Amino acid sequence: MKKHRIRIYPMLLALLLCALCCAPAFAAASGGSGVADVVESTWKDAAGQIKTVVNNVVFPALDMILAIAFFGKVGLAYFDYKKHGQFEWAGPVILFACLVFVLTAPLYIWTIVGL
């Protein structure tokens, strides 16, 4: 019993100390400067910068990766055609569809997101 007291008392003391030192944090109910207001104002300030970075960096990088993968897959499919006599269309068609989707995404993605 004494061994258990040696272990339980420090844990109870730590739990009591944590309970006494912690303070609850509540978001404002309405109209105040709550967490939601801060997040919304930050998003409004950063939305233009995010849109610019995504349009000028992310989409061109995805376009480049998909174009390289598409042309590589077309080349491999051609070599398989020469070797086996059958052209496999699935890979190049899927990559081409993804490439067209990503190339046209900046035209409509911001309407979907709400910017």
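Is Pro10 buried, partly exposed or exposed? In this predicted model, Pro10 is partly exposed, with a relative accessible area of 47%.

**Helix H1**

Pro10 has its place in helix H1, which covers residues 2–21. At 1.5 Å a residue, the 20 residues of H1 should span 28 Å, and the end C-alpha atoms are 29 Å apart, which agrees with that expectation. The number of buried residues among the 20 of H1 is zero, so the helix lies largely in the open.

**Helices H2 and H3**

Helix H2 comprises residues 35–84 and helix H3 residues 90–113. Two packed helices are described by the angle between their axes and the distance between the axes. Here the axes of H2 and H3 come within 8 Å and cross at roughly 165°. Angles over 145 degrees count as roughly antiparallel, and H2 and H3 are therefore roughly antiparallel to each other. Their crossing is left-handed. The residues of the contact of H2 with H3 divide into 20 nonpolar, two polar and three charged.

**Aromatic rings**

The structure holds six aromatic pairs. One of them joins Phe70 and Phe96: the ring centres are 5.7 Å apart and the planes stand at 45°, so the pair is tilted. Phe70 lies in helix H2 and Phe96 in helix H3, so this pair ties together parts that are 26 residues apart in sequence. Phe70, Phe71 and Phe96 form one aromatic cluster, and Phe71, like Phe70, has its place in helix H2.

Phe96 is partly exposed at 44%, whereas Phe71 counts as exposed at 58% relative accessibility.

**Separations along the chain and in space**

| Pair | Apart in sequence | C-alpha to C-alpha distance |
|---|---|---|
| Pro10 and Val58 | 48 residues | 53 Å |
| Phe71 and Pro24 | 47 residues | 58 Å |
| Cys21 and Met64 | 43 residues | 54 Å |

**Summary**

In this predicted model, helix H1 has no buried residues and so lies largely in the open.

Terms used: Residues are numbered from 1 along each chain as its sequence is written. This is a predicted model: local features need pLDDT of at least 70, side-chain atom pairs count only at pLDDT 80 or more; totals for chains, interfaces and linings use all residues. Side-chain values use heavy atoms; hydrogens and water are left out. Helices (H or I, at least four residues) and strands (E, at least two) are DSSP runs, numbered from the N terminus. The expected span of a helix is 1.5 Å times one less than its number of residues. Buried means under 20% relative accessible area, exposed over 50%, partly exposed in between (1.4 Å probe, protein chains only). Axes are lines fitted to C-alpha atoms, for helices over the stretch in contact, and angles run from 0 to 180 degrees between N-to-C directions. Angles under 35 degrees count as roughly parallel, over 145 as roughly antiparallel, 65 to 115 as roughly perpendicular and the rest as oblique. A crossing is left-handed if the near helix is turned anticlockwise from the far one by less than a right angle, and right-handed if clockwise. Ala, Val, Leu, Ile, Met, Phe, Trp, Tyr, Cys and Pro count as nonpolar, Asp, Glu, Lys and Arg as charged, and the others, Gly among them, as polar. Rings of Phe, Tyr and Trp (its six-membered ring) pair if their centres lie within 6.5 Å; planes under 30 degrees apart count as stacked, over 60 as edge-to-face and the rest as tilted.
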